[in-house]
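Hi,

Here is the structure I promised to pass on.

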Amino acid sequence: MTDDLASLQAETEAALAAAGDLRALEAVRVGTLGKSGSLTALLKGLGQVPAEQRKERGAALNRLKGALEAAIEARRVELDAAALEARLAAERLDVTLPPRPFPPAGPEAGAIHPIGRTVEELTAIFGAMGFGVAEGPDIEGDWFNFGALNIPDHHPARQDHDTFYLPAGPDGRRPVLRTHTSPVQIRTMLSQEPPVRVIVPGRTYRADHDATHSPMFHQVEGLVIDRGITLGHLKGCLIDFLRAFFGISDLPVRFRASYFPFTEPSMEVDIGWNRKTGELGKGGDWLEILGSGMVHPKVLANCGIDPREWQGFAFGMGIERITMLKHGIPDLRPFYESDVRWLRHYGAPVLSPANLVEGV
Ligand code: DAH
């Protein structure tokens with residue numbers, strides 16, 4: 001090998017050893033073997049070499065080219081391995097660290113909204129009595145919300161409900177935002193054969209707004225259809241529910257004759273409380289809490305169920321109302337304001353599902 005080739009080899013090998021990363025390595029490669037690299041220039045100059053030396057010079061250049069390519073490749077493998085080592089060290093996963101708490105403890109943990117929590121509790125209590133959960137649409141047909149429930153046109157109950165109407169459909173009837181969960185009674189009886197045992201928690205709408213009324217609120221409906229169902233079943237079921245929900249085993253419960261178009265007889269249900277202190281369970285005062293009754297034979301017939309063979313009871317109550325009473329929440333409006341301070345205060349812990357063993 002001539003001196004110029006020996007020194008080019010030595011220079012290049014020194015530069016390769018000094019190249020600390022893949023970018024520096026690439027610079028060395030381009031400087032030597034690239035289009036205008038030093039070895040490439042020598043190869044291009046081969047034409048000017050006298051003919052008798054050309055063969056030997058060419059062979060020497062090619063050997064050097066092969067040697068430098070191999071040296072560059074070897075350095076690339078070294079640098080690749082070093083880069084991987086560095087990454088592994090930097091991204092090391094310590095499997096012995098204790099797990100992060102999930103969900104995070106403290107204020108950022110979040111909480112279950114009181115409405116959702118009450119629905120979980122209702123589902124747990126009625127679930128233990130054999131009830132399933134049914135649902136229906138928020139936008140209802142007039143017949144489902146009123147007609148089938150024995151609330152005819154011009155019946156005062158239609159005014160009482162302060163209904164939100166939508167523009168009329170092809171039948172000339174205006175769809176409504178359902179004013180109660182009772183239309184799901186109809187949907188359930190039309191879609192499933194008796195016996196029926198369901199609760200229906202869901203959103204309801206009335207044009208009303210103050211400290212205890214919101215245009216959107218929640219109700220839970222209950223419906224039982226079977227053979228030989230009596231007022232005794234209704235009373236036993238609701239007394240059991242109210243005592244479990246409020247957690248007061250001797251909660252006084254009173255049934256008071258009332259009127260609803262879809263039940264006969266109809267009863268309002270009161271619980272004992274102290275009007276002055278708000279304490280539930282004692283105090284000698286009564287607080288109305290829900291409506292109920294034996295399903296009206298006309299409602300059964302509207303759903304194609306023979307009232308001589310099947311009987312049933314139904315009930316409906318406001319979810320916000322029972323939640324406010326249970327937790328001593330004085331105002332309805334913050335339920336929908338998403339104020340995290342309120343939610344933290346009244347919300348339920350995320351990891352404590354409602355059930356009858358651990359409590360509702
Ligand atoms: N739908 C009634 C309301 O919103 C509540 C109600 C009363 C539901 C009696 C019932 C019932 O199922 O039997 O005011």
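Predicted model: local features only at pLDDT ≥ 70, side-chain atom pairs only at ≥ 80, totals over all residues.

**Helix pairs**

Start with H1 (residues 3–18) and H4 (residues 51–90): their axes come within 11 Å and cross at roughly 5 degrees. Angles under 35 degrees count as roughly parallel, so H1 is roughly parallel to H4. On the H1 side, the contact is made by Asp4, Leu5, Leu8, Gln9, Thr12, Leu16 and Ala17. H4 brings Arg57, Ala60, Leu61, Leu64, Ala67, Leu68, Ala71, Ile72 and Arg75 to the contact. Sorted by class, the contact of H1 with H4 has 11 nonpolar, two polar and three charged residues.

Then there is H9 (residues 231–246) with H11 (residues 319–327), where the axes come within 10 Å and cross at roughly 50 degrees. H9 and H11 are therefore oblique to each other. From H9, the residues in the contact are Phe241, Phe245 and Phe246, and from H11 they are Ile322, Leu325 and Lys326.

**The ligand**

Which residues come nearest to the ligand? There are 15 residues around the ligand, and His180, Ser182, Arg206, Gln219 and Glu221 come nearest. Two of those names come back when you look at oxygen atoms of the ligand. One oxygen atom is 2.8 Å from an N or O atom in the side chain of Arg206, and for the side chain of Glu221 the distance from a ligand oxygen atom to an N or O atom is 2.6 Å. Taken alone, the ligand exposes 350 Å², and the protein buries 91% of that.

Most residues other than glycine have a negative phi, and most peptide bonds are trans. Here are some exceptions to look up in the model.

- Pro194 and Pro195 are joined by a cis peptide bond, with omega about 5 degrees. Pro195 sits in the loop between helix H8 (183–191) and strand E4 (196–205).
- Glu264 and Pro265 are also joined by a cis peptide bond, with omega about -5 degrees. Pro265 is in strand E7 (residues 263–273).
- His154 has a positive phi, near 65 degrees. You will find His154 in the loop between helix H6 (142–145) and helix H7 (156–160).

Cheers

Notes: Residues numbered from 1 in each chain as written. Heavy atoms only, no water. Axes fitted to C-alpha atoms, helices over the stretch in contact; angles between N-to-C directions. Helix = DSSP H or I, 4+ residues; strand = E, 2+ residues; numbered from the N terminus. Parallel < 35°, antiparallel > 145°, perpendicular 65-115°, else oblique. Contact = heavy atoms within 4.5 Å. Nonpolar A, V, L, I, M, F, W, Y, C, P; charged D, E, K, R; others polar. Near = heavy atom within 4 Å. Polar contact = N/O pair within 3.5 Å; in protein donor to acceptor, adjacent residues only side chain to side chain. Areas by Shrake-Rupley, 256 points an atom, 1.4 Å probe, with all protein chains shown as cover.
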